[in-house]
Amino acid sequence: MRVSLTVNGQRREDDIEPRTLLVHYLREVVGLTGTHVGCETSLCGACTVLMNGRAVKSCTILAVQAEGAEITTVEGLSSDGKFHPVQEGFWEEHGLQCGYCTPGMIMMATDLLSRNPDPSEAEIRAALEGNLCRCTGYQHIVNAVRYAANRMRASKGA
Amino acid sequence: MPVIPKFVGERVKRREDPRLVSGTGTYVDDVKLVGMVSAMILRSPYPHARINSIDVSKARTADGVVAVLTGEDLRGKIGSVPCVAPAERVPFHPVLAHGKVRFVGEPVAVVVASNPYKAQDALDLLEVDYDPLDAVVDPEKAFDKDAPIIHEEFGTNLCTRSEVPNPQVDEAMRKADKVIKFRLVNQRLAPAPMEPRGVVAQWHPGLKQLTLWSSTQIPHLLRSQLAEMLKLGENHIRVIAPEVGGGFGCKLNVYPEEALVAYLAMTLNRPVKWIERRRENLSATTHGRDQITYLEVAARKDGEVLGIKASFVCDMGAYLHLLTPAIPGFSGLMMTGCYKIPALAFEQKFAFTNKMSTDAYRGAGRPEAAYIAERVMDMVASEFGLDPADVRRKNFIPKEAFPAPTAGGLVYDSGDYNLALDKALEMAEYKKMRAEQEAARKQGRLIGIGISSYVEICGIGPSALLPPKLKGGGWESATVRIEPDSKVTVLTGISPHGQGQETTFAQLVADSFGIDIDDVVVIHGDTAQVQYGIGTFGSRGTTVGGPALMLTVQKLQDKMKKIASTMMEVPPDQLIFTQRTIAMASDPARSIPLQQVVDAAYGYKMPIPGVEPGLEEKTFYEPSACTFPFGTHVAVVEVDPETGVVKFLKYVAVDDCGKIISPLLVDGQVHGGIAQGIAQALYEEVVYDENGQLVTASLMDYAVPKADMLPHFDCANTVTPSPVNILGVKGVGEAGTIGSTPCVVNAVLDALKPFGIRHLDMPLKPEKIWNAIRNAKKA
């Protein structure tokens, strides 16, 4: 089956099995392995990507459902060789350890900040409740998102 | 030239992170090889059943299928999945079951196909005829006369019984004002790293070389065990632990799939990939804890504890994994905690049950021990109406007593338990909170304050303390090479998977040679690149791997000073490394660039007698003793009497892991540990129903905590250096898990005190609390 969509700004057309999950399409067909699979049941959030700007769990969406959509993965976040403020925040605030949940967390946080540029700690924790992290206990992730929010608001103000 | 700062002790951003935040790290599932095929495993749906037959005919002819194998096909081809820890009865542990299945999730058959979708299709075509058998689920009933026998050859479900007797305990019981008796359960937990396990194997037929990528914490130990299972020379196997997405002990193991995928690659002559699914991860990756303890505590009414007698029943599961029967020993030996309790006796019975094996899970025996010790302190306080903080102070080993021998036969290296307790109580505003608790109780609000003063054991060494069958000991290795351009390459035998030693080790090396952290590369997790090493577990990465590194650095420094000494005509003992030079300590302006010394070592145009060319050194470091990190955690919670929901008002952690190399990473380790410990106290539990069926086989049912289920942690450190290693470090990987569980349970039970509730077993879910309150009100 033919699917056409945009991945990280690049238009693509591919022939795939209709049952191919979006995450497998991204990892196996497009070759972007930054998006991880952690549970295949949309419970852990490791596979979170942006579809038309909103966070979705790519392990429970068929690639064909993304027909015509714009998909952004963690590989598509940085621009001009510079990290996105959310990526920077995770690095700056030690928001990751093993790194496996990190791409999904980053995409979810990016979605949150696009809707709420100044989230409180409670709002951040609530927004991330579909993304599991086993290493950090979440506190440094909260700090990372706060860092990114401040950076993004500062650069908008400038 | 910009001044190079010092790195040790500073807040240094991790050097691992740029690749991980940009999606360019390589985990096992990211490995792609030409001609690679996918393996999927059919697993037992029964806890205990006889396999009558397996019909593979439909699967073998399905589209894209390359091979289908069952246990019968592998008989005699692959050795037992290994257990290196001593036990009275060690069953053969097949890679694929033959004859019988013994737990839900046991591998029964494997399908190899051109991709995972086709492998799954073919898996659905396999037909297995089972005769279900009664299962052993409750370990306390495993020894009953009418219990089904799991391994017929033994005629019993008793794996091992061990006893540490002590006649002084009976004496203590006689002298006590009261002997307090109670039963504690450390429930079964699933480590559940975010990255499930995965294996890729490639066979190079010409070279007769096997390359195996595995999500493991122990690449070298895995290589040794695989060599034995597959009857290959160790020099014909290369194990690579690429990016590993968390381990927490469950990847400190050798699994059937590692040998199976290697065997498939060798026999099919194609690269094979197997990626564990979450359901498999929760059913067929080792679990942790699962110990039941009956306690008798001899105490005086002033709070002094005179002795503890304990009887354990520990659930091994159906088979023994790498260290399964070794874990409970730590629970027994560490049970006296930070306290000068003079007499300890315990008995342990290890039961086979129809469940997944237990093995190391973050803390591995010490969280259970700390839970016992800290529940004991609160039980004693409660019995005699004393303040739990005072009972702890009364029993603490005083700081003058170190090195301190314990009733468990260990020698604690250093400690200042009062310091950590005082600091934690101050941060938690203990007195004020007690007053608030009193006032709240009058209004019917249930506030509880819980304390836990823990001590744990890390960096297990000397090697004699490790099981004799483990190929490797308690030592660790390091190679340091200064390359011809003065950049430094470190090869460490540890295998970090989130702990961050690419950063901490680079900090140590950069400061030692007066160079920038970016001049250092730390390589790990590849047996073809790195000398034999032991791996990352038991908070040993920095505790044992760190001294191995620093001793190697010192050897190189000595060599370079010798060379510089000749070049500068200054005695070597007057030289230091600073700002990419070797300089006179008394007059740093008198120096030569590091590069000139490196050039002299590699160019070797003017040989110095007794100095070989090149700049590379290696150390196999054997620790002289273990380290004992400690600390105090305090939780303040409020329990909603209408719903049983526990809400955190405060969480304070004061941890002492000796000297700190990277404060940011220490915080990170503590946070993650606390999260897992709170999860044991409140949320997580592997549940098998009464028939042995696994109920918690998805992340919907197994409650790994989410961001909004955990509080903000208020962390601080005290610093009591360890005298047993040159860095003064103690280890911090597991401390949070060990300290947190008891303090949260103590806090909840403190909140429930007005109802006369003495104890509840974990996890303290709202339903359990709500029922306990309701029953107490009825009574």
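Analyst: In this predicted model, B:L42 stands opposite B:A109, a residue of β5(B). The two strands concerned are β1 of chain B, residues 37-43, and β5 of chain B, residues 107-113; they pair in the antiparallel sense over six bridges. In general, the strands of a sheet are joined by backbone hydrogen bonds, and the pairing is either parallel or antiparallel.

This pair belongs to an open sheet of seven strands in chain B, with the order β3-β5-β1-β12-β9-β10-β11 and mixed pairing. At the edges are β3 (65-70) and β11 of chain B, each of which pairs on one side only. From one strand to the next, the twist averages 20°.

Two helices that pack on the sheet can be described in turn. Helix α4 of chain B, residues 116-123, touches β1, β3 and β5 of chain B. The direction of α4(B) makes about 30° with that of β1(B). Helix α6(B) also packs on the sheet, where it touches β10 and β11 of chain B, and its direction makes about 145° with that of β11(B).

Helix α6 of chain B covers residues 219-230, twelve residues in total. From its first C-alpha to its last it reaches 16 Å, close to the 16 Å expected at 1.5 Å a residue. Why can α6(B) be called largely enclosed by the rest of the structure? Nine of its twelve residues are buried, so the rest of the structure largely encloses α6(B). Here a residue counts as buried if 20 or more other C-beta atoms lie within 10 Å of its own. The buried residues of α6(B) are B:P219, B:H220, B:L221, B:L222, B:R223, B:S224, B:Q225, B:L226 and B:M229. They pack against β10 (209-214), β11 (237-240) and α7 (256-268) of chain B. Just after α6(B) comes B:K231, which takes a positive phi of about 55°.

Chain B also meets chain A. In that contact, 44 residues of chain A touch 42 residues of chain B. On the chain A side, the elements that give two or more residues are α2 (85-92), α3 (102-115), α4 (121-127) and α5 (139-157) of chain A. Of these, α2(A) gives the most, with four residues. The residues on this side of chain A comprise 21 nonpolar, 15 polar and eight charged.

Notes:
Residues are numbered from 1 along each chain as its sequence is written. Chains are lettered from A and ligands numbered from 1 in the order in which they are written. This is a predicted model: local features need pLDDT of at least 70, side-chain atom pairs count only at pLDDT 80 or more; totals for chains, interfaces and linings use all residues. The expected span of a helix is 1.5 Å times one less than its number of residues. Two residues are in contact if their C-beta atoms, placed from the backbone, lie within 7 Å. Ala, Val, Leu, Ile, Met, Phe, Trp, Tyr, Cys and Pro count as nonpolar, Asp, Glu, Lys and Arg as charged, and the others, Gly among them, as polar. Two strands pair if DSSP finds at least two bridges between them. Axes are lines fitted to C-alpha atoms, for helices over the stretch in contact, and angles run from 0 to 180 degrees between N-to-C directions.
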